[in-house]
Amino acid sequence: MMSQKSIALVTGATGGMGRVLVRSLAGAGNTVVAVARSAARADELREAVAPLPVEVLIGDLSSRDDVFRLAQRFTTLNLLINNAGAHFRHRTVNADGIEMHVAVNYLGGYLLTELLRPALLAGAPARVVNVVSASLADTRQVKIRRRPRPVGLGDLRALTDVNPEAGFTAYARSKLLTLMAGYRLAEELDGTGVTVNSVHPGVVGTDIVDDMTPAYLRLFGGLIKRSLLTPEEGAASILRVAGLSGVTGRYFDRDVEARSSEVSYDRALQERLLAISRPYLS
Ligand SMILES: NC(=O)c1ccc[n+]([C@@H]2O[C@H](COP(=O)([O-])OP(=O)(O)OC[C@H]3O[C@@H](n4cnc5c(N)ncnc54)[C@H](OP(=O)(O)O)[C@@H]3O)[C@@H](O)[C@H]2O)c1
């Protein structure tokens, strides 16, 4: 939990862990702005957290226009939790032709964070927490094209077309991209009072896990959910990382600092990823 009263922005606020994050942060007296991707989900969230005062902005993280619009709302920010995440069983792309796992789980959060950089610097000490997944720890799940090629707008599309399959592999890869960009951002912001860390909250019984469950196991969905961590337990790990001061550029597996997959530390790949991603900022 942040120690002082802060302005916090939480994406994926309508989901299992997002709601808990919003409730906890607002309950502790922080000013919380939540992002929902539809008006209906925004209303549900307001009801769920009432009577706590929470401003809910509507925005779809797969839409660049929406991300730019969201970022414009802030001149100062103390905490950004990039918590929105999605899993797609079938391959889909956004308006820019980017595979949706990458669009929602990586690029949306990357752009939002970069666009909010001035607000975070204005709010320093400030923290960015990326909610990632331990699935990225398995490099066999994640393939990134290593062959150098010219970098430009549209290359992210090429990068993500290397593994056109949808489902868990694509999900894991998108979380890896978020982790890698987070490592670089932490370095760039070192010494500014803005920290950037990533956390895997554990395997938590929320909608995204329902979606990942193979059809033949879905009959046992209720049972499976009950055997997993609760959203409160998952959110507690995220909040713990959000509360760390003077710690940056780290990856946490729940509450324990951990080493992420080897590929995530590959500086050449990190550089290439950012070179591909930056053009989407303009
Ligand atoms: N559950 C786990 O075991 C687990 C493990 C590791 C990491 N994570 C990560 O934890 C985060 C929170 O997930 P959760 O477990 O709480 O799942 P969840 O209940 O499915 O919540 C996901 C949230 O992301 C939002 N979202 C999805 N697509 C979006 C888009 N295009 N634009 C804006 N928001 C969008 C959802 O909005 P709607 O309410 O409109 O659907 C929802 O608020 C995610 O990043 C997930 O990948 C989860």
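The legends below describe close-up views of a predicted model.

**View 1. The shell of residues around the ligand.** The ligand is surrounded by 31 residues. Thr14, Arg41, Tyr171, Val204 and Thr206 are the closest of them. By residue type, the shell divides into 14 nonpolar, 12 polar and five charged residues. The space that the ligand takes up is the largest pocket. Two or more residues of the shell are given by each of helix H1 (16–27), helix H7 (168–188) and helix H8 (207–212). Helix H8 provides the largest share, with three residues.

**View 2. Polar atoms of the protein beside ligand oxygen atoms.** An N or O atom in the side chain of Tyr171 is 2.6 Å from an oxygen atom of the ligand. Tyr171 is also listed among the closest residues of the shell. A polar backbone atom of Asn83 is 2.8 Å from a ligand oxygen atom. For Ala84, a backbone N or O atom and an oxygen atom of the ligand are 3.4 Å apart. The ligand taken alone exposes 880 Å², of which the protein buries 93%.

View 3. Thr113 belongs to helix H4, which covers residues 100–115. Thr113 counts as buried because its relative accessible area is 6%, under the 20% limit for that class. The side chains of Thr113 and Asn82 make a polar contact of 2.9 Å.

View 4. The loop between strand S4 (79–82) and H4 contains Asp96. The relative accessibility of Asp96 is 24%, so this residue counts as partly exposed. The side chain of Asp96 is joined to that of Arg64 by a polar contact of 3.2 Å. Asp96 also pairs in space with Ser62: the two residues are 34 apart in sequence, and their C-alpha atoms are 9.3 Å apart.

View 5. The bond between Ala50 and Pro51 is cis, with omega about 5°. Pro51 is located in the loop between helix H2 (39–49) and strand S3 (54–58). A cis peptide bond also joins Ala124 and Pro125, and its omega is about 5°. Pro125 is part of the loop that runs between helix H5 (117–123) and strand S5 (126–131).

**View 6. Arg254 between strands S7 and S8.** Arg254 is placed in the loop between strand S7 (251–253) and strand S8 (256–258). Phi of this residue is near 55°, a positive value in a residue other than glycine. Arg254 counts as partly exposed because its relative accessibility is 32%, a value between the 20% and 50% limits.

**View 7. Helix H11 and the residue at its start.** Helix H11 consists of residues 267–277. Its buried residues are Leu269, Gln270, Arg272, Leu273, Leu274, Ile276 and Ser277. A side-chain oxygen of Asp266 lies within 3.0 Å of the backbone nitrogen of Ala268, at the start of H11.

**View 8. Thr230 in the loop between helices H9 and H10.** Helix H9 (221–226) and helix H10 (231–242) are separated by the loop that holds Thr230. With a relative accessible area of 34%, Thr230 is partly exposed. Thr230 and Gly202 are separated by 28 residues in sequence, and the distance between their C-alpha atoms is 9.5 Å.

**View 9. Thr31 in strand S2.** Strand S2 spans residues 31–36 and includes Thr31. Thr31 has a relative accessibility of 46% and therefore counts as partly exposed. The C-alpha atom of Thr31 is 6.1 Å from that of Ser6, a residue 25 positions away along the chain.

Notes
Residues numbered from 1 in each chain as written. Predicted model: local features only at pLDDT ≥ 70, side-chain atom pairs only at ≥ 80, totals over all residues. Heavy atoms only, no water. Near = heavy atom within 4 Å. Polar contact = N/O pair within 3.5 Å; in protein donor to acceptor, adjacent residues only side chain to side chain. Areas by Shrake-Rupley, 256 points an atom, 1.4 Å probe, with all protein chains shown as cover. 1 Å grid on protein atoms, 1.4 Å probe; cavity = no way out; pocket = protein on both sides within 12 Å on 5 of 7 lines; lining within 4 Å. Sits in = over half its atoms within 2 Å of the grid points. Helix = DSSP H or I, 4+ residues; strand = E, 2+ residues; numbered from the N terminus. Nonpolar A, V, L, I, M, F, W, Y, C, P; charged D, E, K, R; others polar. Buried < 20%, exposed > 50% of the residue type's maximum accessible area, 1.4 Å probe, protein only.
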